[in-house]
Amino acid sequence: MTTTAYDIEASKDTLGRFLRDEVIPLEKEAGLSPDVAPPAELRRKVRRRAHALGFYAADMPREAGGGGLALSERVLLDMEALSHETVFFEDVMGGPGGPSSILLACDERQREKYLLPLVRGEITTCFALSEPEAGSDAGGLRLRARRTNGTYVLNGTKNIITNAPQCDFAMVFAVTDEARGAMGGITCFLVDKGTPGFSVGRVHTCMGFTGFQGELVFEECEVPAASILGQEGYGLALALDWINANRIKIGAAAAGLSRRLLAASTAYAARRRQFGRPIGDNQGIQWKLADMATELFAVESMVTRVAAMWDRKLDVRKEAAMVKLYASEMVNRAAYEAIQIHGGTGCLLETGLERVARMVRVYTIVEGTSEIQRIGIARRLLKELAA
Amino acid sequence: MKILATVKRVPDPETSIKVKPDGSGIVADNIKWVVNPFDEIAVEESLRIKEKVAGSEVVLVSVGAKVAQEQLRTGLAMGADRAILVVAEDGLEPLAVARVLVKVIESEQPDLVVMGKQSIDDDSNAVGQMAAELLGWPQATFASKLELAGDQKTATVTREVDGGLETLSFPLPGIVTTDLRLNEPRYASLPGIMKARKKELKEIEVGALGVDVAPKARLVKMEPPPKRQAGKKVASVEELVHLLHTEAKVI
Ligand SMILES: Cc1cc2nc3c(=O)[nH]c(=O)nc-3n(C[C@H](O)[C@H](O)[C@H](O)COP(=O)(O)OP(=O)(O)OC[C@H]3O[C@@H](n4cnc5c(N)ncnc54)[C@H](O)[C@@H]3O)c2cc1C
């Protein structure tokens, strides 16, 4: 069943109204800071409502309780959502703590316990891959899962994990076979908060985000073999497939934020007068606007095209890396120039621009740094040549 | 119970409206179109009745250009069961619309018709009243509350009138027009939008209804309202009072 352009327009409309009339007023009323993780009960409230309206888990399959939208449809909603300013973005559309296609690998028991309540917004998770000693090099994980009779014992630490402080259960990537390492030696475990030996370590204060990221500490944490997601040794394979969709979603988020930056900058350039005329009359400012708009258009085009390729089940490893690389760097340029166009006013918190600038900084780092994307793109080029 | 709710396609009240240079109308390109907000309230009220009275059906009707399908789809996505679009040229006069509605009402035979008290484009505030008169049905306009008797044979409506509230009770079928405070309309949810695609949307050519829709008035000219002057800050109450006397001449 394909969605028509009108359906998507209507959905974007509802999304905009929901954000404007419910979510943002809720945020104002509770006096929330845009940088700080909101109280858990408010986040749950927004998630439940967003799920009822069909936004949360919009692109999860219907059988799992999701909205069944194609990625190419979901990214349009992401772009719309991020053109509004709200700290609840991930509770509206779902983020690292929300429904994840990795969990489609759940078995029957895991599905009831984790996947379905997660899709309904009742519980949250986290994607725990990075460690103090292993970031870009996921093959270098140290967190060990030692096999005993019928159970596994986890030892090690994860850090800078989004939603670690709040999650109800964690997707923990652990080494089950040191000799194999990245090639079949890493397994994903679903571990409940409250399991003895599993605790939240430091909660990080991070550029643009406070209280969202944290450490997970495992000390002789024993979990049953039934907590393995999919099969032993297939952890990275699960993650690497899903990460392509996530990279495309980062592109959509970057586009949505850039729309906001461009709209604010254009309006300001027309309004602000210096030397007796609007600053937008100067070519120096016009060129900035033109470049922002052109790059935004490029990213919107890339995102929708690659998302459509993903929907057709094509191999998008190279293209998803390109989207992530270009979009994450583009939105950082746009944030820089938006503040430049606004002058000192742009540095004031009330314009919301410095907030965007801080929040998008991480876009060139998470889900693979820009350097790692370039390596991936180039490797595929060379491989394609060799093939 | 069968409830008929009207839906008109109007420019989004949030968009800025520009008058065509020749004054013949508004610039229709590039503006966003929505369901008339009072009609949205009418759809919501109908849906609330449907949720209370088992076996009810909500039928939407719009009179206008083919594109009004979009607004009917929105109403279907909110939860209405089916829709009828009487395809006619936009801008029919209230009496013409009322006559068309009467035809639809005669063939559908609803127990209750809920309409917006006015559409926010032309602000005529006339169609509901005219349709009730043509049908010889009771009417209650500007409803801020609507209650049905247990047997659904009578309706009790609280109306917002100058200086207070008026409560009317009348036998059904009848026509109710909605005021702003009647309810807060729900959004068309994503699942609702997907379901709406499979619902019936019937089109009828206005010509097939055999009613006189010829205009009785001629639009002479549209003009934008005068541009508002920029505001002024005053330093003291004395200065304010002085300026209200001498400049604004309002006191
Ligand atoms: C806000 C935030 C949220 C996060 N959320 C999560 C989460 O939910 N789950 C999770 O698992 N992780 C998360 N992370 C961690 C993130 O995934 C890592 O920071 C990222 O993968 C980079 O790893 P690193 O920080 O260890 O940098 P490093 O890998 O140490 O890299 C340092 C620098 O060296 C460069 N570099 C590394 N290798 C090469 C190479 N071969 N060639 C060229 N340059 C290279 C990198 O590009 C980078 O510039 C989050 C981080 C932040 C800041």
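Here are legends for a set of close-up views of a predicted model.

Local features are given where pLDDT is at least 70, side-chain atom pairs count only at pLDDT 80 or more, and totals for chains, interfaces and linings use all residues. Residues are numbered from 1 along each chain as its sequence is written, while chains are lettered from A and ligands numbered from 1 in the order in which they are written.

**View 1. The ligand sits between two domains of chain A.** Chain A splits into domain 1 (5–119), domain 2 (127–233) and domain 3 (237–386), with bounds that come from an automatic or database domain assignment. Domains 2 and 3 of chain A both hand residues to the shell around the ligand, so it lies between them. That shell has 21 residues, and the closest are Leu129(A), Gly135(A), Ser136(A), Thr369(A) and Glu371(A). To make the list, a residue needs its C-beta atom, placed from the backbone, within 6 Å of the ligand. β1 (127–128), β3 (151–162), β7 (209–224) and α11 (370–386) of chain A each give two or more residues. Helices (H or I, at least four residues) and strands (E, at least two) are DSSP runs, numbered from the N terminus. By class, the shell has 14 nonpolar residues, six polar and one charged. Here Ala, Val, Leu, Ile, Met, Phe, Trp, Tyr, Cys and Pro count as nonpolar, Asp, Glu, Lys and Arg as charged, and the others, Gly among them, as polar.

**View 2. Chain A meets chain B.** 13 residues of chain A touch 12 residues of chain B, where contact means C-beta atoms, placed from the backbone, within 7 Å. On the chain A side, α1 (5–29) and α2 (40–53) each supply at least two residues. α1(A) gives the most, with seven residues. Sort the chain A side by class and you get seven nonpolar, four polar and two charged residues.

**View 3. Domain 1 of chain A touches domain 3 of chain A.** Their centres, taken over C-alpha atoms, are 22 Å apart. Domain 1 puts 16 residues into the contact and domain 3 puts in 21. The domain 1 side has nine nonpolar, four polar and three charged residues.

**View 4. Helices α6 and α8 of chain A pack together.** α6 (residues 235–271) and α8 (residues 317–342) pack at an angle of about 20 degrees, with their axes 8 Å apart. Axes are lines fitted to C-alpha atoms, for helices over the stretch in contact, and angles run from 0 to 180 degrees between N-to-C directions. That makes α6(A) roughly parallel to α8(A); angles under 35 degrees count as roughly parallel, over 145 as roughly antiparallel, 65 to 115 as roughly perpendicular and the rest as oblique. Their contact has 20 nonpolar, six polar and three charged residues.

**View 5. Helices α3 and α7 of chain A pack too.** α3 (residues 71–82) and α7 (residues 283–311) pack at about 150 degrees, with axes 7 Å apart. That makes α3(A) roughly antiparallel to α7(A). Leu71(A), Ser72(A) and Val75(A) of α3(A) meet residues of α7(A), including Val303(A) and Trp310(A).

View 6. Most residues other than glycine have a negative phi, and most peptide bonds are trans. Asn163(A) has a positive phi of about 70 degrees, although it is not a glycine. Over in chain B, the peptide bond from Leu172(B) to Pro173(B) is cis, with omega near 5 degrees.

Key: Two residues are in contact if their C-beta atoms, placed from the backbone, lie within 7 Å.
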